[in-house]
Amino acid sequence: LKRTVAFRYVAGRTLAYLVIFCGVLLILIPFLWMILSSFKTSSQVYQIPLRFIPNPLSLEGYARTFEVWNIPRYFFNTTLVSLCVTLGSVLICSLAGYAFAKLRFPGKNLLFYYILASLMLPFQVRMITTFLLLKRLGLLNSYTGLILPWLATGFAVFLMRQITTAVPNSLIDAARIDGCSEPSIFLKIIIPNVKPGIYALSIITFMTTWNDMLWPFIIVSKEKLKTLPLLIASIAGGHMEITSMPWPTRMAAVTIVLIPVLILYSLTQRYIIRAMAITSGIK
Amino acid sequence: VGKFFARHRLAESLWGYVFVLPATLIITLFWIIPSIGSLYYSLFSFNGIKTPKFIGLQNFVNYFTDPQGLNSLRVAGYYILGTLPAALLLGLVLAIIIEKKWFKGVTFVGAVFFIPVCMSYVGVSFIWKWMFEPMAGLVNHTLQALGLPGQKWLTTPGLALACILFISVWKNIGFFIILYLAALRQIPASYIESADLDGVNELQKARHIIWPLVLPTTVFLTIMSIIDAFRVFDQVYALTLGGPNHSTEIVAFYVWQVGFLQLRMGYASAVASVLLLIMIGLTFLQWKYYTSRIQFLD
């Protein structure tokens with residue numbers, strides 16, 4: 001009997017490790033395959049039998065990618081838009097969050113419910129009409145158009161309000177008695193006390209904006225305003241000359257887009273995972 | 001003294017309005033007005049350029065009688081049925097395994113599964129497009145090495161949708177694992193220990209102790225995934241462009257297609273309005289749950 005228990009114990013753990021190992025492989029192999037393929041020549045990828053390691057190593061795909069797309073410009077646009085949206089929306093939403101959590105003014109609850117209602121309106125529902133609105137405002141193909149609509153979300157206001165509520169009232173009252181104005185209370189008392197929330201919101205906002213394809217896809221058609229997800233979109237469904245490029249070139253392009261994210265993620269993954277957990281309402 | 005407080009209250013109210021003003025303006029302009037606009041334009045025939053022509057509820061009639069219109073909702077239904085149970089089950093099982101005391105490398109494994117979560121949908125979808133490529137893709141190479149026939153994954157109707165479902169689970173599984181891990185860590189160790197003393201096996205433990213205790217997380221993930229199904233666009237654009245034979249034409253992609261490619265913006269607004277009604281119901285559910293959940297922060 002003892003032996004079967006011991007056997008089941010070992011078998012159970014081995015099986016568990018095996019399952020996890022396969023899972024990890026399944027996650028990593030596509031990325032590895034992407035990178036390896038990006039260094040092959042057009043004929044190498046169709047070679048039979050399949051060879052994993054490119055031999056000889058070819059930089060053809062990368063050279064072609066830098067020829068076809070203005071890669072630094074794509075990076076610049078994506079970074080600029082993501083930074084502006086992140087800074088702007090964190091500021092705007094934590095201000096609103098503070099007002100909703102701690103200040104008293106007539107109509108506060110009504111206004112808060114109004115903002116909460118916007119949680120029911122994902123972009124896909126507003127896609128057509130937001131486009132028409134931007135067109136009327138003359139903001140198609142502009143940085144303003146890329147940034148402005150995302151400077152506040154119901155979700156961020158709600159999150160910052162919940163987090164600000166936890167700041168003790170006594171701190172705020174003490175500052176008021178010292179004669180602090182509301183803006184300086186916000187800067188000196190609130191901000192330092194809601195830092196974890198601000199970091200989490202910044203990370204999530206930055207990531208979402210960086211990865212967002214649909215919004216720039218709809219309002220940007222000029223090459224010099226395009227962001228990185230649009231680069232991949234153009235390989236998937238753009239002009240024939242781009243969609244018919246050989247696979248190594250396409251994979252080189254995707255690698256160039258994804259590798260910075262991969263590096264950034266590996267450096268900051270603990271914070272990112274924590275941020276995801278905080279914004280999902282779990283400690 | 002009374003005067004001081006009165007003035008103070010006035011200042012507080014004024015600052016309150018100033019602080020909420022930017023957020024309120026942006027949400028009104030880019031969230032509320034366009035949504036009302038969708039409802040409005042849904043009653044018109046409109047190509048985006050000419051003057052809209054009022055046609056009553058004709059767009060809705062068209063949507064619900066057009067086989068392709070209903071198809072877009074059906075694909076969203078398949079998406080939910082095909083991804084949600086798989087992701088919940090896999091997420092929970094993997095979380096239970098890596099949460100075990102004897103398991104080495106929780107952090108590493110969690111971090112690996114989370115990589116795709118941080119990537120753009122269009123990016124990871126495109127990698128998988130290459131994996132599924134019929135001639136030289138790794139998936140068919142692997143099948144052939146095992147003596148199985150390769151498939152034309154993305155150009156066979158049923159298979160194309162299956163691939164999109166698979167990629168979604170693959171991309172989001174890390175998120176499910178992280179949330180389940182957080183939920184598992186809330187379970188008091190004594191519950192599990194006393195079950196162990198009673199000689200309860202893993203399956204019974206999972207079914208009778210863990211499952212009920214992580215139910216709130218399951219509910220959250222379920223509602224969130226259902227909402228996500230109505231937002232799917234990037235994967236379909238990168239992988240199949242709605243084909244073959246409309247089999248992956250999911251509802252948000254359909255809105256884009258009829259609105260921007262066929263310039264039937266009134267009709268597209270009607271589809272968006274249907275989506276809006278579904279969203280209102282779902283988000284209400286989610287919000288009720290979310291507020292009960294986040295109260296620990298208060």
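Author: Let's go for the second largest pocket: it is lined by 24 residues, and Phe217(A), Val220(A), Ser221(A), Lys226(A) and Tyr237(B) lie nearest its centre. Keep in mind that this is a predicted model, where local features need pLDDT of at least 70 and side-chain atom pairs count only at pLDDT 80 or more, while totals for chains, interfaces and linings use all residues. As for bookkeeping, residues are numbered from 1 along each chain as its sequence is written, chains are lettered from A and ligands numbered from 1 in the order written, and side-chain values use heavy atoms, without hydrogens or water.

A pocket here is an open set of points on a 1 Å grid where a 1.4 Å probe fits, with protein on both sides within 12 Å along at least five of seven lines, and lining residues have an atom within 4 Å of a point. The second largest pocket holds about 530 Å³ of space, counted as what probe spheres on its points fill. Helix H11 (214-219) and helix H12 (228-237) of chain A, together with helix H12 (251-261) of chain B, each give two or more residues to this lining; helices are DSSP runs (H or I, at least four residues). H12(A) gives the most, with 4 residues. By class, the lining has 16 nonpolar, 6 polar and 2 charged residues, with Tyr, Trp and Pro counted as nonpolar and Gly as polar.

For comparison, the largest pocket has about 1500 Å³ of space. Its lining runs to 36 residues, with Ile96(B), Lys100(B), Trp102(B), Glu202(B) and Lys205(B) nearest the centre. Helix H1 (2-38) of chain A gives two or more residues to that lining, and so do helix H3 (67-99), helix H7 (157-185), helix H8 (189-197) and helix H9 (202-213) of chain B. Sorted by class, this lining has 22 nonpolar, 3 polar and 11 charged residues.

H3(B) has a helix partner worth a look too. Its axis and that of helix H2 (residues 58-65) of chain B come within 4 Å and cross at roughly 70 degrees. That makes H2(B) roughly perpendicular to H3(B), a label for angles of 65 to 115 degrees. On the H2(B) side, Tyr63(B), Phe64(B) and Thr65(B) make the contact, meeting Pro67(B), Gly69(B), Leu70(B), Ser72(B) and Leu73(B) of H3(B), where contact means heavy atoms within 4.5 Å. These residues divide into 5 nonpolar, 3 polar and no charged.

Definitions and conventions: Axes fitted to C-alpha atoms, helices over the stretch in contact; angles between N-to-C directions. Parallel < 35°, antiparallel > 145°, perpendicular 65-115°, else oblique.
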